[in-house]
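Open the model in your viewer and keep the selection panel at hand. This tour tells you what to select next and what is there.

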Amino acid sequence: MSKRKKKIALIIHSGTLDKLYCAFILGSTATSMDMEAHLYFTFWGLNALVKGGLEKARLPEDYKDMENQLKKKLREMNYPTPYDLLKRMKASGLLKIYACSPTMKMFGIKEEDLIPEVDAIAGAAAFLDVASDADITLLV
Amino acid sequence: MSKRKKKIALIIHSGTLDKLYCAFILGSTATSMDMEAHLYFTFWGLNALVKGGLEKARLPEDYKDMENQLKKKLREMNYPTPYDLLKRMKASGLLKIYACSPTMKMFGIKEEDLIPEVDAIAGAAAFLDVASDADITLLV
Amino acid sequence: MSKRKKKIALIIHSGTLDKLYCAFILGSTATSMDMEAHLYFTFWGLNALVKGGLEKARLPEDYKDMENQLKKKLREMNYPTPYDLLKRMKASGLLKIYACSPTMKMFGIKEEDLIPEVDAIAGAAAFLDVASDADITLLV
């Protein structure tokens with residue numbers, strides 16, 4: 001009989017590079033520990049699921065003068081890009097990605113605009129359902 | 001014998017329109033699913049509980065150029081305002097709103113300045129008490 | 001037989017004064033309630049663990065015009081500084097502070113640059129381990 005896996009549920013409201021890294025590092029570390037990772041993207045975060053969106057993510061205004069230095073350092077460290085981390089999670093079979101349906105309507109984003117890794121287009125109830133049964137819940 | 005209800009506990013530190021929508025959409029979806037919602041407003045978030053404060057909430061500086069477009073779209077969608085969502089939660093009988101007492105002192109806000117929907121003026125211990133027994137805890 | 005203590009796990013991504021206060025007020029209130037507090041500092045938050053860093057923390061750009069007023073008010077209230085709160089937590093014996101190792105590498109921060117209150121330099125897995133067993137998990 002299979003044991004219930006531990007579960008992390010993240011609601012990703014922010015769309016800045018630092019916050020996306022934060023979410024994806026937590027998520028990919030979780031899946032590497034054999035935990036389920038449920039990532040629900042809403043508001044500014046949803047842009048990360050639009051084709052080409054992850055590549056365009058920037059640091060927030062307060063820190064923008066550090067952007068070039070950070071990107072250079074990450075390249076030197078051979079650090080994976082956010083999309084690399086997303087694909088790594090996906091390959092584990094333990095990741096589920098949700099795109100917030102009201103946000104899509106609000107920003108005029110269509111299903112065909114989203115990257116193929118998205119598992120479901122859903123409202124907040126889907127996130128609450130998963131999160132209420134998770135071991136770790138965080139808003140990023 | 002009544003079953004224990006599931007519970008969401010949100011600490012609302014941010015006062016921007018996008019974050020308040022995020023908190024109130026999660027909260028009102030939770031109460032519509034028969035979950036208890038406990039919302040503790042602190043720091044910039046407390047302004048949302050001051051009379052007229054919710055109506056004055058704006059997008060953060062990084063996104064302010066999208067404010068008019070967002071507000072126009074929300075009207076077209078007949079989307080409820082944050083205050084509408086708050087009243088909807090309140091009507092469910094499952095919402096409890098806490099105003100952070102040290103923040104009130106810090107910003108010189110008095111009890112009579114707050115909207116009537118506030119249930120309690122309390123310190124962080126009240127939030128931790130509720131949150132340590134909740135199924136979902138998030139900082140907004 | 002000693003009862004398991006309740007536990008709060010905070011991941012501190014932000015480095016601004018308002019967010020650090022939020023984290024430290026939650027943490028010190030938790031330890032005063034005999035809960036364990038686990039604080040994992042990453043990204044901008046890591047600066048708070050660099051010697052002299054806590055004292056340099058500022059409000060975010062959106063609120064910087066309120067900084068002088070806030071600091072004046074906190075002095076009038078004899079409100080503890082963030083470092084005071086950190087030392088209070090530490091004195092309880094219930095606080096554990098983690099510095100994110102990849103962030104240290106990214107920003108070129110060395111172990112000797114950190115304040116002596118840091119308990120461990122660790123990756124995200126250490127946080128997930130603690131958080132998956134905590135009663136309250138929040139990202140600040």
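**Before you start.** This is a predicted model: local features need pLDDT of at least 70, side-chain atom pairs count only at pLDDT 80 or more, and totals for chains, interfaces and linings use all residues. Residues are numbered from 1 along each chain as its sequence is written, chains are lettered from A and ligands numbered from 1 in the order in which they are written, and side-chain values use heavy atoms, with hydrogens and water left out.

**Stop 1: the core.** Select A:Leu26, A:Phe41, B:Leu26, B:Phe41, C:Leu26 and C:Phe41. These have the most contacts inside the largest nonpolar core, which has 168 residues. Such a core is a set of buried Ala, Val, Leu, Ile, Met, Phe, Trp, Tyr and Cys residues joined through side-chain atoms within 4.5 Å. Buried means under 20% relative accessible area, exposed over 50%, and partly exposed in between (1.4 Å probe, protein chains only).

Now centre on B:Leu26. Leaving aside neighbours within four places in sequence, its contacts (heavy atoms within 4.5 Å) include A:Ile11, A:Phe127 and A:Leu139 in chain A, and B:Leu10 and B:Leu138 in chain B.

**Stop 2: the axis.** Show chains B and C.

**Stop 3: the B–C interface.** Chain B puts 23 residues into the contact and chain C 26 residues. About 2100 Å² is buried between them, and carbon and sulfur atoms give 74% of that. Buried area is the accessible area (1.4 Å probe) that two parts lose on being put together, summed over both. Select B:Trp44, B:Leu128 and B:Leu139. They supply 31% of what chain B buries against chain C, more than any other three residues.

How many salt bridges are there between chain B and chain C? The count is 0. A salt bridge here is a side-chain nitrogen of Lys or Arg within 4 Å of a carboxyl oxygen of Asp or Glu.

**Stop 4: a buried threonine.** Go to B:Thr103 in helix 5 of chain B. Helices (H or I, at least four residues) are DSSP runs, numbered from the N terminus. B:Thr103 is buried, at 2% relative accessibility. Beyond four places in sequence, B:Thr103 touches B:Thr42, B:Phe43 and B:Leu46. B:Leu46 is 57 residues away along the chain, yet the two C-alpha atoms are separated by 7.4 Å.

**Stop 5: charged pairs.** Side chains of opposite charge can pair when their charged atoms come close. Select A:Glu76. It forms a salt bridge with A:Lys72, with the closest N and O atoms 3.3 Å apart. A:Glu76 also meets A:Lys73 in a salt bridge at 4.0 Å, N to O. A:Glu76 is exposed at 51%, whereas A:Lys73 is partly exposed at 27%.

Finish in chain C. C:Lys71 and C:Glu67 form a salt bridge, with the closest N and O atoms 3.5 Å apart. Both lie in helix 3 (residues 67-76) of chain C, 4 residues apart, about one turn of the helix. C:Glu67 is buried at 5%, while C:Lys71 is partly exposed at 29%.

Methods
Helices (H or I, at least four residues) and strands (E, at least two) are DSSP runs, numbered from the N terminus.
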